[in-house]
Amino acid sequence: MAHNPGALYRLFYRSRQTPEVSADLDFQVQQIIGSSISRNRSVGLTGLLLTVQGHFIQALEGNVAAVRATYARIAMDPRHRDLHIIAQGPAGKRLFGDWNMCARSLAPSDKAILEVLDSKGGFNKEALTAATVERLLTTVATIQSRTALEALVS
Ligand SMILES: Cc1cc2nc3c(=O)[nH]c(=O)nc-3n(C[C@H](O)[C@H](O)[C@H](O)COP(=O)(O)O)c2cc1C
């Protein structure tokens with residue numbers, strides 16, 4: 001069956017940050033997000049970028065051409081390496097529709113989230129399957145929305 005080019009498509013990948021990026025993560029992520037938001041908005045792309053223990057995990061969703069073109073550009077970026085697509089395919093609805101790109105870091109204090117993913121309580125990138133990566137990033141998105149809301153009302 002031919003894939004409708006306008007239909008929603010989602011891709012999750014993980015990568016390893018270069019040591020230079022890890023050493024200056026807040027600034028580096030700010031730079032990445034700063035250049036991503038307007039580009040993503042212009043092609044209707046939404047998503048979430050998570051940093052966890054020297055790795056990036058990112059969700060990209062939009063039409064298939066926008067997702068693939070953006071991923072191809074990201075894959076060439078020297079700020080990370082060892083990119084690995086965890087899952088990709090047609091999607092029913094946006095999971096990260098609030099953000100043209102939003103970043104969050106997963107800290108050791110977020111251990112409860114990591115424990116959901118790995119019974120040993122650590123981050124195990126090999127254990128990230130299509131199902132767990134979606135669960136991880138949507139959990140983070142929920143926390144992110146709640147934090148943003150709390151900032152608004154406080
Ligand atoms: C982890 C990571 C995530 C990124 N996410 C995006 C993104 O969502 N959208 C985007 O346009 N660029 C993203 N970038 C930046 C691209 O790799 C690239 O630098 C940028 O799009 C500018 O491309 P250009 O220099 O070819 O114009 C990301 C880079 C990294 C390292």
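Predicted model: local features only at pLDDT ≥ 70, side-chain atom pairs only at ≥ 80, totals over all residues.
Figure 1. T18 belongs to the loop that lies between β1 and α1 (19-23). When neighbours within four places in sequence are left aside, the contacts of T18 are R79, H80 and R81. The C-alpha atom of D82, a residue 64 places away along the chain, is separated from that of T18 by 9.9 Å.

**Figure 2. The shell around the ligand.** The ligand is surrounded by 16 residues, of which S36, R39, F56, D77 and R79 are the closest. Two or more residues of the shell come from each of α2 (25-43), β2 (46-52), β3 (55-63) and α3 (64-75). Of these elements, α2 gives the most, with five residues. By residue class, the shell around the ligand divides into seven polar, five nonpolar and four charged residues.

**Figure 3. The open sheet.** Five strands are arranged in the order β4-β1-β3-β2-β5, and their pairing is mixed. The edges are formed by β4 (80-90) and β5 (103-105), each of which pairs on one side only. From one strand to the next, the twist averages 15°. Helix α3 packs on this sheet and touches β1, β3 and β4; the direction of α3 makes about 150° with that of β3.

**Figure 4. Strand β3 and its two partners.** Strand β3 is mostly covered, with seven of its nine residues buried. Strand β1 (residues 8-17) runs antiparallel to β3 and is joined to β3 by nine bridges. Within this pairing, S15 stands opposite F56, and R14 has I57 as its bridge partner. F56 is also one of the residues closest to the ligand. Strand β2 likewise pairs with β3 in the antiparallel sense, over seven bridges. In that pairing, L50 stands opposite I57.

**Figure 5. The hairpin of β2 and β3.** Two residues lie between β2 and β3 in this hairpin. Q53, in the turn, has a positive phi of about 45°.

**Figure 6. Helix α5 across the strands.** Helix α5 (residues 130-153) lies across β1, β2, β3, β4 and β5. The helix runs at about 95° to β2.

**Figure 7. The fold as context for the close-up views.** The protein has five helices and five strands, which follow the pattern β-α-α-β-β-α-β-β-α-α along the sequence. Along the principal axes, the C-alpha trace spans about 45 × 40 × 30 Å. The radius of gyration is 15 Å, which agrees with the value near 15 Å for a compact globule of 154 residues. Buried residues account for 29% of the 154 residues. Among contacts between residues at least 6 apart in sequence, 76% join residues at least 24 apart.

Notes: Residues numbered from 1 in each chain as written. Helix = DSSP H or I, 4+ residues; strand = E, 2+ residues; numbered from the N terminus. Rg over C-alpha atoms; globule rule 2.2 N^0.38 Å. Buried ≥ 20, exposed ≤ 12 C-beta atoms within 10 Å, placed from the backbone. Contact = placed C-beta atoms within 7 Å. Near = placed C-beta within 6 Å. Nonpolar A, V, L, I, M, F, W, Y, C, P; charged D, E, K, R; others polar. Pairing = 2+ DSSP bridges. Axes fitted to C-alpha atoms, helices over the stretch in contact; angles between N-to-C directions.
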